[in-house]
Amino acid sequence: MDKTKIKIRDLLPYIAFAIVVIYLFYHLINMLFPSAELYLVKKETYAENVTLDGYIFRDETLIFADADVKLTRKSGEKIAAGSVVGEIYGDGGAKTADIISERAGYFYAETDGYENSFSADAALALTADNFDATVRAKPSDNNGCIGKIATDFCWYFACKTSGVDFEVGQTYAFDLSGVSVNMTLEKADEKDGASVLVFKCTEIPSGFEFTRASTAAATVGVYSGAAVPSNAVYKKSGGDRIYLFDEGFARECRVNVVFDDGAKCIVECETDLIGRNVIIGRGLYDGKGMK
């Protein structure tokens, strides 16, 4: 009995070594020959967005006063011509005068000194040559200014970019600081591979602060169709391919990739792919048996 225990004890290091070898071999095989995965193809919709850093241009009239003023309007409030926007009080606490806006529009208490240089006319005059000088201009001194009136519901977003195709006259969906608006490309000027784009908007979004330097996400395309993982599409001579699981076998299908975000892509195929299982794996070929 004791001799049997001694023999088993002597074998333990070899048994442990064998287990480690089997474990490593198993994982090596899985690394070199990974098992295939199946992905159920569904119809999905994806938006292609482009980030644009630009500036807001619009017509604004400054309001000045030579005394301390108590404002009577909230920023972003729409007012009519002749509206009181502030009140002046004397030393005794009595109101001595009203500050009246001669123009109709939207009242804003905050000013940044660019109201005159970032006008609608300045936006429409932007070119690839003058864009940098325009946006780098020093702000004016607005001492004594108590606010401003945006006198037109039209405003512009101008930016410089490259490698993005926009079409003059086309309307695009924009997201500006979480606010959604539609903007139409009014003009474009290109030089040395860079494009200056001027977009026009004819709506005043609720809650939008009109920060002069703004970042926008513009939707340049919307794609809908059969969605498959990007790593399920294989580049081959004659075009892209995917492999469908068909009763235990891989069936090769030629596809046309219409959109790819790096994780998933929308593909077109002569075969209806919706509801089918696409195979993700290595060493695939038409007719390969799949477990």
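Predicted model: local features only at pLDDT ≥ 70, side-chain atom pairs only at ≥ 80, totals over all residues.
Over the ring of which residue does the charged end of Arg58 sit? The ring belongs to Phe210, and the charged end of Arg58 is 3.8 Å from its centre.

## Phe210 and its contacts

Phe210 also pairs with another ring. Tyr108 and Phe210 form an edge-to-face aromatic pair, with 6.1 Å from centre to centre and 75° between the planes. Tyr108 belongs to strand S8 (residues 105-108), while Phe210 is in the loop between strand S13 (194-201) and strand S14 (213-229), so the pair ties together parts that are 102 residues apart in sequence. Tyr108 and Phe210 are both buried.

Besides sitting over the ring of Phe210, Arg58 belongs to a network of salt bridges with Glu60, Asp112, Glu115, Lys148 and Arg212.

## Other aromatic contacts

A pair of aromatic rings is described by the distance of the centres and the angle of the planes. A search of the whole structure finds 16 aromatic pairs. One aromatic cluster is formed by Tyr55, Phe57, Tyr114, Phe118 and Phe131.

## Strand S14 and its partners

S2 (residues 42-57) runs antiparallel to S14, and 14 bridges join them. Gly54 has Ser214 as its bridge partner in S14.

S11 (residues 171-176) is also antiparallel to S14, with 4 bridges between them. Here the bridge partner of Ala173 in S14 is Thr219. S18 (residues 264-268) pairs with S14 in the antiparallel sense, again over 4 bridges. Ala227 stands opposite Ile266 in S18.

## An open sheet of four strands

In which order do the 4 strands of the open sheet stand? The order is S3-S9-S8-S5, and the pairing is antiparallel. Strand S3 (60-64) and strand S5 (77-79) stand at the edges, each with a single partner strand, so one side of each is left without a neighbour in the sheet. Neighbouring strands of this sheet are turned by 35° against each other on average, direction ignored.

S3 and S9 (residues 145-150) pair over 5 bridges in the antiparallel sense. Within that pairing, Ile63 has Gly147 as its bridge partner in S9. In a regular strand the side chains alternate between the two faces of the sheet.

## Salt bridges

Side chains of opposite charge can pair when their charged atoms come close. A search of the whole structure finds 16 salt bridges. One of them joins Glu87 and Lys95, at 3.8 Å from N to O. Glu87 is buried, with a relative accessible area of 16%. Lys95 is partly exposed, with a relative accessible area of 44%.

Asp132 and Lys160 meet in a salt bridge at 3.1 Å, N to O. This pair links distant parts of the chain, with Asp132 in helix H3 (residues 131-135) and Lys160 in strand S10 (residues 155-161), 28 residues apart. Asp132 counts as partly exposed at 29% relative accessibility. Lys160 counts as partly exposed at 32%.

Where do the side chains of Glu252 and Arg241 lie? They meet in a salt bridge at 3.2 Å, N to O. Glu252 is in strand S17 (residues 249-260) and Arg241 in strand S16 (residues 239-246), so the pair ties together parts that are 11 residues apart in sequence. Arg241 counts as buried because its relative accessibility is 9%, under the 20% limit. Glu252, at 31%, counts as partly exposed.

## Positive phi outside glycine

Glu247 is in the loop between S16 and S17. Its phi is positive, about 50°, although Glu247 is not a glycine. Is Glu247 buried or exposed? Glu247 counts as exposed, at 74% relative accessibility.

Asp192 is another such case, with a positive phi of about 55° although Asp192 is not a glycine. Asp192 is placed in the loop between strand S12 (179-191) and S13. At 75% relative accessibility, Asp192 counts as exposed.

Key: Residues numbered from 1 in each chain as written. Heavy atoms only, no water. Phe/Tyr/Trp six-rings, centres within 6.5 Å; stacked < 30°, edge-to-face > 60°. Helix = DSSP H or I, 4+ residues; strand = E, 2+ residues; numbered from the N terminus. Buried < 20%, exposed > 50% of the residue type's maximum accessible area, 1.4 Å probe, protein only. Lys NZ or Arg CZ within 6 Å of the ring centre and 35° of its normal. Pairing = 2+ DSSP bridges. Salt bridge = Lys/Arg side-chain N within 4 Å of Asp/Glu carboxyl O. Axes fitted to C-alpha atoms, helices over the stretch in contact; angles between N-to-C directions.
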